[in-house]
Amino acid sequence: MPRPFSLEYRVSDDPVALSHAAAQHFVHCARAAVESRGKARLALSGGSTPKATFQLLADKTQPYRAMMPWEKLEIYWVDERCLPPDHPDSNYHMTRENLLDHVPIPPRQIHRMQGELDPEEAAAKYESELRNQFRLEGAQGPVFDMLALGMGDDGHTASLFPHTEAVHEMMRLVVANHVPQQKYNWRITLTWPVIVEARDLFFLIAGQDKADSLHRVLQGPYDPETLPSQLIQPRSGKLVMLLDRQAASLLPAPDASGIGKMEIHR
Ligand code: 6PG
């Protein structure tokens with residue numbers, strides 16, 4: 001059932017400014033969750049864009065580290081490549097290397113997708129981990145306090161890739177997805193009905209190579225089979241996009257403070 005929502009896109013001049021804007025947003029979301037609920041359950045995407053933000057959050061010479069309630073964070077993943085945790089292209093490995101190895105989050109509060117397992121087994125285990133951690137009953141799904149998404153130049157998000165089965169999954173919380181077009185062609189991913197329930201849901205997107213797909217996702221015809229990022233219609237009715245100028249170059253120009261707004265009706 002399509003759901004109209006308000007999009008706010010915040011355009012930074014360059015990737016460095018974008019990583020600062022993203023670090024500020026992470027701190028804002030985490031602190032708000034801890035203030036309201038005593039802890040912050042964050043679901044992170046992988047890929048390359050978040051690296052600079054993770055480094056800023058961990059950096060002792062930057063203001064963000066001291067502002068983050070590390071001991072109250074619960075870390076989850078939006079998706080994972082089916083690789084061992086020490087593989088350089090594992091999302092967990094990237095997050096550890098750039099963030100988790102440098103900040104005081106208790107290990108029991110880090111909930112890794114086990115990419116080293118058989119994909120179906122890894123998906124089932126993560127779904128059961130979510131059910132236990134969120135104390136879910138029946139058809140309930142987990143509501144993350146903050147969920148950070150990236151977007152590929154093909155319009156994918158999480159591991160919801162064009163023309164793959166996971167795009168159609170509406171019952172399970174976590175699935176294994178075969179992605180023939182990718183180098184690592186087995187993935188574990190949260191499903192879109194889980195993603196859209198997050199309280200603070202945002203995309204972090206940088207680079208000219210994303211401009212065309214972002215324009216088609218936001219202003220093109222509704223075709224989630226081809227552009228899975230169009231599935232992300234937040235339950236909260238609010239979606240934030242943190243963009244650099246290049247990624248935003250085909251969108252309507254933002255205002256003087258770099259803010260653009262759109263009402264998306266699908
Ligand atoms: C992954 C991510 C994926 C990512 C996009 C963008 O496993 O790769 O979770 O969804 O967010 O592919 O990746 P970049 O940030 O590298 O462009």
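Residues are numbered from 1 along each chain as its sequence is written. Because the model is predicted, local features need pLDDT of at least 70 and side-chain atom pairs count only at pLDDT 80 or more, while totals for chains, interfaces and linings use all residues, and side-chain values use heavy atoms, with hydrogens and water left out.

**View 1**
Helix α1 covers residues 15–37, where helices (H or I, at least four residues) and strands (E, at least two) are DSSP runs numbered from the N terminus. The 23 residues of α1 reach 32 Å from the first C-alpha to the last, close to the 33 Å expected at 1.5 Å a residue, the expected span being 1.5 Å times one less than the number of residues. At the start of α1, a side-chain oxygen of D14 comes to within 3.0 Å of the backbone nitrogen of V16, whereas just after the helix G38 adopts a positive phi of about 80°. The buried residues of α1 include L18, A22, F26, A30 and V34, where buried means under 20% relative accessible area, exposed over 50%, and partly exposed in between, with a 1.4 Å probe and protein chains only.

L18 belongs to helix α1 and counts as buried because its relative accessibility is 3%. Leaving aside neighbours within four places in sequence, L18 is in contact with S12, L204, I205, A206, L242, L243 and D244, contact meaning heavy atoms within 4.5 Å. The C-alpha atoms of L18 and R245 are separated by 9.1 Å, although these residues stand 227 residues apart along the chain.

**View 1. Strand β8 between its paired strands.**
Strand β5 (residues 146–149) runs parallel to β8 and is joined to β8 by four bridges, two strands being paired if DSSP finds at least two bridges between them. In β8, F203 is the bridge partner of L149. Four bridges also join β8 to strand β9 (residues 238–244), again in parallel, and in β9 the bridge partner of L204 is L242.

S45 sits in the loop between β2 and α2 and, because its relative accessibility is 7%, counts as buried.

The ligand is surrounded by 14 residues, the closest being S48, T49, D79, A158 and K210, and a residue is near a molecule or strand if one of its heavy atoms lies within 4 Å of it. An oxygen atom of the ligand is 3.2 Å from a polar backbone atom of G46, and a polar side-chain atom of S48 lies 2.7 Å from an oxygen atom of the ligand. An N or O atom in the side chain of H156 is also 2.7 Å from a ligand oxygen atom. Taken alone the ligand exposes 410 Å², of which the protein buries 88%, with accessible areas taken from the Shrake-Rupley method with a 1.4 Å probe.

Terms used:
Polar contact = N/O pair within 3.5 Å; in protein donor to acceptor, adjacent residues only side chain to side chain.
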